[in-house]
Amino acid sequence: MTAPRFRELKQLDAGIFQAEISSFALRLAAEGKAAKTIQTYAEAVRWFAAAGPPGQAARASWDQVTSQDIQRWMAWLLDRYSTAYASNQYRALQQFFRWLAAEDQQPDPMAGLAPPRVADKLVPVFTPGELSRLEQACAGRSFTQRRDTAIIAVFTATGIRLSKLAGLRSGDVDLWQREITVRGKGGKDRIVKVGHQAARSLDRYLRARSRHAQARRPQLWLGAGNREPLTAAGIYQMITRRGRQCDVAAFPHRFRHHFSHTWLDRGGPRAT
């Protein structure tokens, strides 16, 4: 989900509306939806139920929600967040009300509405100079420097998704074969090859990692000191922080876009 322009503290106490939201989440789980998807959808509905459209009186039941309520809510979101973020919120509500209409045989307040139109944004690839500055921003022999260097090297070499990178375990790296095992949906693994430079950065990090106080943990990316292993959010924050240090607009999706662009430039096939 695209990050909003700025975050506000969400009201998520759905009160009397929570029962239906829990049932909706259960239905999504029964359909095999990913846990992250279920959480995202349920949170969007809880937020709508708890906060409601600005200026709208409190509702006593779901059947009192109207299409005007939805439109006011979307207008409020669009005034504060990106269109991509508002669009994702819209789609979560759409799935919920579609399910509720079928479940309780009541009108769907979102029937006939359209989601916010998301304009395609050009994501620039990194220039060689920008990648060099990022490498220099992480240069050094400390644990954190070697970890951050390795993360950026893997991002650059593979274009891996942030969630997949965060989920890597130390046993997923084979330095001799220069391969990383990435876990996909449904337990399906795939092998990603890396170049010699990325393998060298990983080797340096793994040596530093072996001396870490929490080296026994299975997660590949450990935190500094005695902190918990890095989550996807932690990696995102590290990348943007390193970018600020060297005046480079760095964020995980830009690495993915850069990899796709250079892959096609080298003659690789388009994904189908």
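This is a predicted model: local features need pLDDT of at least 70, side-chain atom pairs count only at pLDDT 80 or more; totals for chains, interfaces and linings use all residues.
Serine 142 is partly exposed, at 33% relative accessibility, where partly exposed denotes the range between buried (under 20% relative accessible area) and exposed (over 50%), computed with a 1.4 Å probe on protein chains only. The loop between α5 and α6 holds serine 142. Along the chain serine 142 and tyrosine 205 are 63 residues apart, while their C-alpha atoms are separated by 9.5 Å. Residues are numbered from 1 along each chain as its sequence is written, and side-chain values use heavy atoms, with hydrogens and water left out.

The chain contains 10 helices and 3 strands, taken as DSSP runs numbered from the N terminus (helices H or I, at least four residues; strands E, at least two). Their order along the sequence is α-α-α-α-α-α-α-β-β-β-α-α-α. The chain has 272 residues, of which 39% are buried. Of the contacts in the chain (heavy atoms within 4.5 Å) with a separation of 6 or more, 62% are between residues 24 or more positions apart.

Phenylalanine 24 is part of helix α1 (residues 18-30) and is buried, at 2% relative accessibility. Apart from neighbours within four places in sequence, the contacts of phenylalanine 24 are Tyr41, Val45, Ala92, Gln95, Phe96 and Trp99. For phenylalanine 24 and tryptophan 99, a sequence separation of 75 residues corresponds to a C-alpha to C-alpha distance of 7.3 Å.

Helix α3 comprises the 14 residues 67-80, and the distance from its first C-alpha to its last is 20 Å, close to the expected 20 Å; the expected span is 1.5 Å times one less than the number of residues. Asp69, Ile70, Trp73, Met74, Trp76 and Leu77 are the buried residues of α3. Viewed down the axis of α3, these buried residues fall within an arc of 160 degrees and so line one face of the helix, the arc being that of the directions from the helix axis to the C-beta atoms. In an α-helix there are 3.6 residues a turn, so residues three or four places apart point the same way. The packing partners of the buried residues of α3 are α2 (35-51) and α4 (83-104).

Two glutamines in the loop between α4 and α5 were examined. Glutamine 105 is exposed, with a relative accessible area of 70%, and its phi is near 55 degrees, a positive value in a residue other than glycine. Glutamine 106 is buried, at 19% relative accessibility. With neighbours within four places in sequence left aside, glutamine 106 is in contact with Trp62, Asp63, Leu100 and Ala101.

A positive phi, near 55 degrees, is also found at arginine 178. Most residues other than glycine have a negative phi. Arginine 178 belongs to the loop between β1 (173-174) and β2 (179-183) and is partly exposed, its relative accessible area being 24%.

In helix α8, 15 residues should span 21 Å at 1.5 Å a residue, and the end C-alpha atoms are 21 Å apart, in agreement with that value. The buried residues of α8 are Ala198, Ala199, Ser201, Leu202, Tyr205, Ala208 and Arg209. These residues pack against α6, β1 and β2.

The second largest pocket has about 500 Å³ of space. On a 1 Å grid over the protein atoms alone, a pocket is an open set of points where a 1.4 Å probe fits, with protein on both sides within 12 Å along at least five of seven lines, and lining residues have an atom within 4 Å of a point. Grid points are joined across faces, edges and corners, and the volume is the space filled by probe spheres set on the points. The lining of this pocket consists of 18 residues, with Glu135, Thr149, Ala153, Gln197 and Ser201 lying nearest its centre. Two or more lining residues each come from α5 (128-138), α6 (143-158) and α8 (196-210). Helix α6 supplies the largest share, 6 residues. The lining comprises 7 nonpolar, 7 polar and 4 charged residues, with Ala, Val, Leu, Ile, Met, Phe, Trp, Tyr, Cys and Pro counted as nonpolar, Asp, Glu, Lys and Arg as charged, and the others, Gly among them, as polar.
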